[in-house]
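Here are my notes on this model. Please read them beside the coordinates.

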Amino acid sequence: MSNFLRLLARNKLALGGLIVMGIVIFFALITPLLPLADPNVTNTADRFQPVFSEGALLGTDHLGRDLLSRLMWGTRLSLAVGFAAAIIAATIGAAIGIIAGYYGGRTDNIIMRGVDMLMAFPYILLALAIVAALGPGLLNALIAVAAVNIPFFARNIRGITVGIANKEFVDAARLAGKSDASIILSEVLPNVIPVIVIAMSTTIGWMILETAGLSFLGLGSQPPVADLGSMLGEARSALITNPHTSIVPGMMILIIVMAINLLGDGVRDALDPRLKSGALSRPMPATRVDRKGPIPEAEGDDLLALRGLETQFHVKDRVYKAVGGVDLNVRPGECLGLIGESGSGKSVTALSVMGLVASPPGVITGGAVYFEGEDLVGAPYSKLRRMRGKRVAYIFQDPLATLHPLYTIGDQLIEAVSCHRPIGKSEGRAHAVELLRQVRIPNAEKRVDSYPHELSGGMRQRVGIAMALANDPEVIIADEPTTALDVTVQAQVLTLLDDLRREKGLAILFITHDFGVVAQLCDRVAVMYAGRIVEQGPTDAILNAPAHPYTSKLMACVPELGEGRRRLEAIPGLPPVVDKLPDGCAFADRCHVATDACRRGEIPLDPLSDKRRVRCIHPVSDPATEAAQ
Ligand code: ADP
Ligand code: MG
């Protein structure tokens with residue numbers, strides 16, 4: 001709740017609306033306590049007194065009634081009717097929408113066609129017809145306004161409910177034997193309430209206007225009692241001669257509706273869960289860079305080299321050190337594996353390369369990313385954009401989520417190219433077919449016109465790879481590309497990547513949590529833990545003789561075929577939380593060889609042999625046997 005108010009307060013216009021509405025509602029509530037003249041007492045001797053006249057601050061109307069008093073009582077009435085209509089419309093509309101959306105089928109059909117019928121009538125005409133049938137009066141106007149708004153809520157809520165009713169957690173509740181009523185109340189309703197509140201907050205202003213409209217036409221509140229609409233209606237005949245009688249209620253309607261709408265927009269934004277984490281600010285096109293320390297120099301002639309890369313998430317007053325000084329490098333035709341438990345910072349490292357970590361909250365706070373010797377951290381966005389997908393391409397874990405469901409894969413492949421160079425229709429198609437062939441998709445000419453949902457998971461991931469290859473990049477960063485696939489398809493995809501890198505001299509940064517995958521594909525491997533590289537070296541050497549206790553434990557978790565029965569060792573404990581990293585080695589608390597020295601100070605990534613490095617003061621393997629190899 002306090003979070004909601006904080007988000008709301010960030011939106012200056014909404015805050016203004018909230019304050020104005022607060023004041024208006026406050027005065028509406030205390031109106032009976034104020035020493036005001038009776039709003040309905042006429043005094044024709046004092047008719048049309050101007051504003052600021054003696055005894056009548058806002059003047060008097062055509063019957064000599066005090067306008068200030070009538071305005072206050074009228075506002076009270078208008079607000080009460082508007083809010084009541086909104087609540088009634090929201091409750092009934094939401095109930096209808098939930099029932100239609102939840103039960104679906106014929107229930108849905110019958111209810112929604114009824115709603116459609118109501119919606120077929122012009123809005124205000126329907127309200128007029130209802131009031132005409134029921135007879136004029138404020139209560140009937142309220143009923144009419146509520147009734148014409150029910151279809152709006154019903155449609156809205158039905159749409160949301162249909163989406164929710166097919167979610168797995170609702171299936172789970174059904175399997176658990178819950179009744180429909182209890183599923184609706186405990187699973188569906190909490191998910192639609194924000195939508196109801198949003199729809200309400202954006203329609204209350206409209207309902208107040210509609211009620212005022214009916215009253216203006218003489219169908220709402222009946223004399224002598226007035227709401228804002230009927231005040232305006234009564235002042236109509238004196239519009240030219242005594243404009244203040246119209247301006248007073250008119251301004252009030254304007255203020256209320258403006259304030260409610262601004263507030264409503266703010267409420268909508270603050271309640272939208274997608275905007276919550278980003279704190280209502282759109283993410284920047286490239287990760288924010290705020291490097292304090294010295295920038296490390298490029299060394300060697302690697303194609304892509306990360307030097308001391310630090311990426312953090314700044315959320316409120318917390319700092320999550322997701323990546324804490326990572327050094328990596330790849331050469332053309334080489335595959336570097338980056339392995340570590342979930343949450344160790346692999347994805348954030350990979351995304352930092354092209355400035356793809358969302359900011360806020362992400363910030364690159366140190367280090368450098370050299371591509372062909374040029375630092376990309378802090379490079380202008382236009383430069384990063386030209387490189388993204390063209391020279392450094394990504395393959396992500398979930399191919400279904402990365403493909404657009406409504407375009408054919410051919411169109412999406414062509415789009416990947418046309419971002420970087422103009423390409424004609426037939427040339428684009430030929431290129432797309434060629435790409436699909438490269439990733440060994442059978443029948444590529446036909447498949448190019450398929451939609452993502454028509455492909456299997458393995459094929460979709462091949463399309464993901466084809467898209468990464470579309471512009472002949474030099475580096476491919478693959479973030480767990482096989483995790484969502486089954487083992488046989490995984491093997492095919494790995495072979496494919498391996499072939500491609502040999503054919504095209506691609507440099508691959510391959511992220512995974514699976515040592516089996518590393519063994520199959522990678523020349524070298526870097527092991528990551530709590531945002532840092534703890535061990536790095538040639539794949540064979542590390543697989544045969546892991547030096548860091550974490551690496552050896554990680555490998556002990558992997559079952560091996562044909563190895564006979566063996567106890568699989570789980571690593572006890574959990575990785576540390578990255579906003580509270582311990583002093584010294586982050587793995588010390590889970591390590592069986594840790595000593596007091598491990599928990600003090602910085603532990604460097606020391607060379608173990610000429611190609612291997614390890615961040616440990618008690619490496620597992622014996623360096624002597626290592627040297628002999
Ligand atoms: P993985 O190695 O599984 O790919 P990630 O790189 O995705 O791990 O995450 C690294 C760390 O960064 C995790 O501890 C995660 O909690 C943290 N993290 C990721 N995104 C955010 C965020 N938006 N705000 C705060 N922490 C985050
Ligand atoms: Mg990840």
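Is Tyr 394 buried or exposed? Tyr 394 is buried, at 13% relative accessible area (buried is under 20%, exposed over 50%, partly exposed in between; 1.4 Å probe, protein chains only).

1. Basis. This is a predicted model, in which local features need pLDDT of at least 70, side-chain atom pairs count only at pLDDT 80 or more, and totals for chains, interfaces and linings use all residues. Residues are numbered from 1 along each chain as its sequence is written, chains are lettered from A and ligands numbered from 1 in the order written, and side-chain values use heavy atoms, without hydrogens and water.

2. Aromatic pairs. The structure holds 8 of them (Phe, Tyr or Trp rings, the six-membered one for Trp, with centres within 6.5 Å; planes under 30 degrees apart are stacked, over 60 edge-to-face, the rest tilted). Phe 26 and Phe 27 sit 5.5 Å apart by ring centres with planes at 75°, so they are edge-to-face. Phe 26 is partly exposed at 49%. Phe 27 is partly exposed at 36%. Tyr 394 and Phe 396 are stacked, 5.6 Å centre to centre with 5° between planes. Phe 396 is partly exposed, at 33%.

3. Ring cluster. Tyr 529, Tyr 550 and Phe 587 are linked by ring pairs.

4. Ligand 1. Backbone N or O atoms approach its oxygen atoms: Gly 343 at 2.6 Å and Gly 345 at 3.0 Å. A polar backbone atom of Ser 344 lies 3.2 Å from a ligand 1 oxygen.

Note on methods: Polar contact = N/O pair within 3.5 Å; in protein donor to acceptor, adjacent residues only side chain to side chain.
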